[in-house]
Amino acid sequence: MRNVWKCALGLLAGLGALAGNAGAQFKNGSQPTELNIPRVSQRGTVSQRIGLTDITITYHRPEVGGREIWGKTVPLGKVWRAGANENTTITFSDDVSIEGKPLAAGTYGLHTIPDKDQWTIIFSKNSTSWGSFSYDEKEDALRVSVKPHAAEAFEVLTYVFDDVKPDSALATLRWEKLAVPFRISVDVKAVVLKSVKSELRSVGGFTWGGYDEAAQWCLAWTTITSWSKR
């Protein structure tokens, strides 16, 4: 037990010596990450498949904790990391459209500019920074504008996929009493046909079964999309 206390006291002494440097290094109030220890804002991921396209959001989840969030903890009119700690990221396995605007497959840093009546959702080519502190508008791949709306209370920041359809879904940020959705759409037919053509050049193309599956899917997809438009 005595050795344990000696070790602890040694660590505290070392931490005291480093306090000045640490204070300078983390002026932004972020939690240090030199050690692999639990974070206050825990890491979360959420995924959705649309057709054959996988979409994954990776983020850290701050709590409300009695704070006034919008306009205080999260300032209005300024770039916000849309989470906590490192970049919130969003990954698309295929090309997609965000609110009708095209975006290539890949991983992006997800940032926002909150405001009372309209939010800007930013997809940055830089996905490896800490928060939005080094955000550079020149690295934007896409910006879209969306409307926030009042919603049920969420104590912990959460991303969910709502209104899932055969070729689209709403990715929605929910925190405190606010929801901020943006629609992600996929050209499912193009993605599937590209995949099928590739598979038919391999084992799937050596029997009639593969071609039959492809034909049956095309027929079913035509039916699904015609019904979804009604």
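This is a predicted model: local features need pLDDT of at least 70, side-chain atom pairs count only at pLDDT 80 or more; totals for chains, interfaces and linings use all residues.
In what order do the four strands of the open sheet stand? The order is β5-β4-β10-β9, and the pairing is antiparallel.

## The chain as a whole

The protein chain holds three helices and 10 strands. Read from the N terminus, its elements follow the pattern α-β-β-β-β-β-β-β-β-β-β-α-α. The chain has 230 residues, and 36% of them count as buried. Among the contacts with a separation of 6 or more, 56% link residues 24 or more positions apart.

## The sheet around β10

Strands of a sheet pair through backbone hydrogen bonds, either parallel or antiparallel. In the sheet β5-β4-β10-β9 the pairing is antiparallel. Its edge strands are β5, residues 101-103, and β9, each of which pairs on one side only. On average, neighbouring strands of this sheet are turned by 35° against each other, with direction ignored.

Strand β10 covers residues 168-185 and is mostly covered, with 15 of its 18 residues buried. Strand β9, residues 149-165, runs antiparallel to β10 and is joined to it by nine bridges. These two strands form a hairpin, with two residues between them. Strand β4, residues 96-98, also pairs with β10 in the antiparallel sense, over two bridges.

| Residue | Partner in β10 |
|---|---|
| S97 | S185 |
| I98 | I184 |

## T88 in strand β3

Strand β3 spans residues 88-92, and T88 lies in it. Is T88 buried or exposed? T88 has a relative accessible area of 0%, so it is buried; the cut-off for buried is under 20%.

Which residues is T88 in contact with, leaving aside its neighbours within four places in sequence? They are I57, T58, Y59, R81, A82, G83, Y108, G109, L110 and Y159. One of these, A82, has its backbone oxygen 3.1 Å from a polar atom of the T88 side chain. Another contact of T88, Y159, falls within the residue range 149-165 of strand β9.

Definitions and conventions
Residues are numbered from 1 along each chain as its sequence is written. Side-chain values use heavy atoms; hydrogens and water are left out. Buried means under 20% relative accessible area, exposed over 50%, partly exposed in between (1.4 Å probe, protein chains only). Two strands pair if DSSP finds at least two bridges between them. Axes are lines fitted to C-alpha atoms, for helices over the stretch in contact, and angles run from 0 to 180 degrees between N-to-C directions. A polar contact is a pair of N or O atoms within 3.5 Å; within protein, one must be able to donate a hydrogen and the other to accept it, and residues adjacent in sequence count only if both atoms are side-chain atoms. Contact means heavy atoms within 4.5 Å.
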